[in-house]
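Here is a briefing on one protein chain. Look at the structure first, then read the points below.

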Amino acid sequence: MATAGAVDAGIGAGDEAPSIGRPLANVRTFVLDHFLRPVPPGLVGELYLAGPGLARGYAGRPGLTGERFVACPWGAGGRMYRTGDLARWTAEGELRFAGRADAQVKIRGFRVEPSEVETVLAGHPGVTQAAVVVRDKRLVSYVVPTGDGLDLADLQAYVAGRLPEFMVPTMVMLDALPLTVNGKVDRAALPAPDLTGTGAGRGPGTPLEEVLCALFAEVLGVERVGAEVSFFELGGDSLLAMRLVARVRAVLDVEVGIRELFAEPSVAGLARVVGSGAGRGDGVELRAWERPGVVPLSFAQQRMWFLNRLEATVPGAAAAYNLSLVLRLSGSLDVGALEAALGDVADRHESLRTVFPDNDGVPCQHLLDSTEGRPPLTVVGLADGESVEDVLAEHLRCGFDLRVEVPWRVWLVVGGGEFVLSVVAHHVAVDGWSMGVLARDVGVAYAARCGGGCRSGVLGCSTRITRCGSGRCWGIRTMLRV
């Protein structure tokens with residue numbers, strides 16, 4: 001025990017969090033922020049405990065001990081215990097519980113406290129216990145009914161009327177929740193639900209629904225999908241939604257957009273959109289067009305260009321939109337072939353050899369030819385006492401002037417008989433997903449420059465790619481293994 005307080009008859013009444021009392025004698029209690037600084041009364045922080053009764057740690061679990069038992073800033077050589085509980089001080093000097101620091105999850109871009117969902121579920125008269133966890137990027141609730149009359153569809157409607165759509169979980173009914181030896185809910189022992197979709201609800205009723213069910217299942221990676229189940233309830237997110245829209249357009253030859261999918265996220269709803277012709281359009285004829293003399297920027301490029309100019313005036317901000325790709329290469333490396341391969345990749349992707357000059361403050365796109373647009377391969381040798389991590393950090397910190405520089409550069413760090421290839425690109429031309437495509441294309445181009453004799457399909461036969469062993473991540477790193 002660490003805190004205690006009087007319990008009055010009104011405990012649990014209203015929406016106020018329960019009091020957990022005051023520290024006991026010989027117990028030091030801190031409510032701290034992420035920087036281990038005390039928070040003022042009324043604000044929520046994480047609860048830490050210290051004092052002579054503190055345990056030495058968890059037996060046989062040094063990792064967990066190091067995570068939970070940390071140095072105390074207010075005692076010479078002392079330690080404190082990180083409880084993982086969130087709390088706040090009241091003006092009267094009492095602690096009020098405010099949830100768990102390690103329970104917050106992210107669902108489709110929204111931060112969710114599972115305890116909030118559990119509270120709503122427990123408020124239903126037919127539920128005696130509830131636990132909420134995340135399974136395959138979706139919320140799943142496990143409920144124990146008070147009797148035999150609980151209908152999960154009614155329970156879901158009850159929750160949907162009190163919480164936003166992204167917080168409404170998939171429902172699973174249990175006879176009892178599994179418990180640990182301490183009497184707490186054993187979340188790791190909760191049975192895996194049938195998330196294959198799932199097949200909840202009816203199957204496809206028309207040929208169009210049958211095609212859409214297959215496309216939903218393909219994108220979601222499940223065996224089958226019910227016709228009336230929401231795409232987002234099955235784990236879909238914005239990125240998967242883009243993939244689904246692209247597949248629907250390709251297979252059905254209709255113009256369906258993200259707006260229609262969010263409005264009608266089920267197979268049956270999207271089939272109604274397609275069938276009504278609301279998603280159809282003449283589209284734009286795909287044919288070769290003559291490039292205009294001045295190519296304007298897209299809205300996304302305008303944003304990146306403006307931020308790039310703004311970053312130039314803010315110290316230390318130049319690399320805010322840099323993304324990195326780090327590959328460790330061992331064996332014999334043909335540096336000339338590698339540099340030529342980088343040029344081949346630049347020839348293939350126009351975005352990698354586009355600069356963004358401005359004319360009287362109005363930016364535009366300027367495509368460089370294959371000679372000007374090839375990035376030089378900068379070979380960097382390690383100085384005495386210099387580490388690969390230091391060089392990688394320096395490379396990533398260097399910003400781009402998008403008006404005159406191509407949006408990527410490549411360094412080859414040489415030292416200790418190995419090579420580390422560092423590619424840094426600006427977000428105006430790439431994103432996290434396309435960095436993997438860039439790595440693949442460089443490998444294929446290098447293999448071709450080496451004569452096409454590479455059996456690995458990634459780099460030349462005498463070159464091996466392994467994981468960078470630095471243990472530190474600069475930006476977004478993509479590792480390939482032959």
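The model is predicted. Arg-247 sits in helix 5.

**Around Arg-247**

- Beyond four places in sequence, Arg-247 touches Leu-215, Glu-218 and Val-219.
- Arg-247 and Leu-212 lie 35 residues apart along the chain, and their C-alpha atoms are separated by 9.6 Å.

**Helix 4 with helix 5**

- Helix 4 covers residues 207-220 and helix 5 covers residues 238-252.
- Their axes come within 10 Å and cross at roughly 140°.
- Helix 4 and helix 5 are therefore oblique to each other.
- The crossing of helix 4 and helix 5 is right-handed.
- On the helix 4 side, the contact is made by Leu-208, Val-211, Leu-212, Leu-215, Phe-216, Glu-218, Val-219 and Leu-220.
- On the helix 5 side, it is made by Leu-240, Arg-243, Leu-244, Arg-247, Val-248, Val-251 and Leu-252.
- The contact of helix 4 with helix 5 has 12 nonpolar, no polar and 3 charged residues.

**Helix 4 with helix 7**

- Helix 4 also packs with helix 7 (residues 267-276), at an angle of about 125° and with the axes 9 Å apart.
- This pair is therefore oblique as well.
- Helix 4 and helix 7 make a right-handed crossing.
- Helix 4 brings Leu-208, Glu-209, Leu-212, Cys-213 and Phe-216 to the contact.
- Helix 7 meets them with Val-267, Ala-268, Leu-270, Ala-271, Val-274 and Gly-275.
- By class, the contact of helix 4 with helix 7 counts 9 nonpolar, 1 polar and 1 charged residues.

**Helix 9 with helix 11**

- Helix 9 and helix 11 pack with their axes 8 Å apart, at an angle of about 125°.
- That angle makes helix 9 oblique to helix 11.
- Helix 9 passes helix 11 in a right-handed crossing.
- From helix 9, the residues in contact are Ala-337, Leu-338, Ala-340, Ala-341, Leu-342, Asp-344, Val-345 and Arg-348.
- From helix 11, they are Leu-438, Asp-441, Val-442, Ala-445, Tyr-446 and Arg-449.
- The contact of helix 9 with helix 11 divides into 10 nonpolar, no polar and 4 charged residues.

**Nonpolar cores**

- The largest nonpolar core holds 30 residues, and Leu-338, Trp-408, Leu-421 and Leu-438 touch the most other members.
- Five elements each supply at least two residues of this core: strand 13 (322-331), helix 9 (335-348), strand 19 (408-415), strand 20 (418-426) and helix 11 (432-449).
- Apart from neighbours within four places in sequence, Leu-421 is in contact with Leu-325, Val-326, Leu-327, Leu-329, Leu-338, Leu-377, Val-410, Trp-411 and Leu-412.
- A second, separate core has 25 residues, including Phe-216, Val-229, Val-248 and Val-254.
- In soluble globular proteins, nonpolar side chains tend to be buried together.

**Val-430, a buried loop residue**

- Val-430 lies in the loop between strand 20 and helix 11.
- Val-430 counts as buried, because its relative accessibility is 8%.
- Leaving aside neighbours within four places in sequence, Val-430 is in contact with Leu-352, Ala-425 and Met-435.
- Val-430 and Leu-323 are 107 residues apart in sequence, yet their C-alpha atoms are 8.0 Å apart in space.

**Thr-29, a buried strand residue**

- Thr-29 belongs to strand 3 (residues 28-32).
- With a relative accessible area of 12%, Thr-29 is buried.
- Not counting residues up to four places away in sequence, Thr-29 touches Thr-3, Pro-23, Leu-47, Tyr-48, Leu-49, Trp-89 and Leu-95.

**The chain overall**

- The protein chain has 11 helices and 21 strands.
- Of its 482 residues, 41% count as buried.
- Among contacts between residues at least 6 apart in sequence, 59% join residues at least 24 apart.

Definitions and conventions: Residues are numbered from 1 along each chain as its sequence is written. This is a predicted model: local features need pLDDT of at least 70, side-chain atom pairs count only at pLDDT 80 or more; totals for chains, interfaces and linings use all residues. Side-chain values use heavy atoms; hydrogens and water are left out. A nonpolar core is a set of buried Ala, Val, Leu, Ile, Met, Phe, Trp, Tyr and Cys residues joined through side-chain atoms within 4.5 Å. Buried means under 20% relative accessible area, exposed over 50%, partly exposed in between (1.4 Å probe, protein chains only). Helices (H or I, at least four residues) and strands (E, at least two) are DSSP runs, numbered from the N terminus. Contact means heavy atoms within 4.5 Å. Axes are lines fitted to C-alpha atoms, for helices over the stretch in contact, and angles run from 0 to 180 degrees between N-to-C directions. Angles under 35 degrees count as roughly parallel, over 145 as roughly antiparallel, 65 to 115 as roughly perpendicular and the rest as oblique. A crossing is left-handed if the near helix is turned anticlockwise from the far one by less than a right angle, and right-handed if clockwise. Ala, Val, Leu, Ile, Met, Phe, Trp, Tyr, Cys and Pro count as nonpolar, Asp, Glu, Lys and Arg as charged, and the others, Gly among them, as polar.
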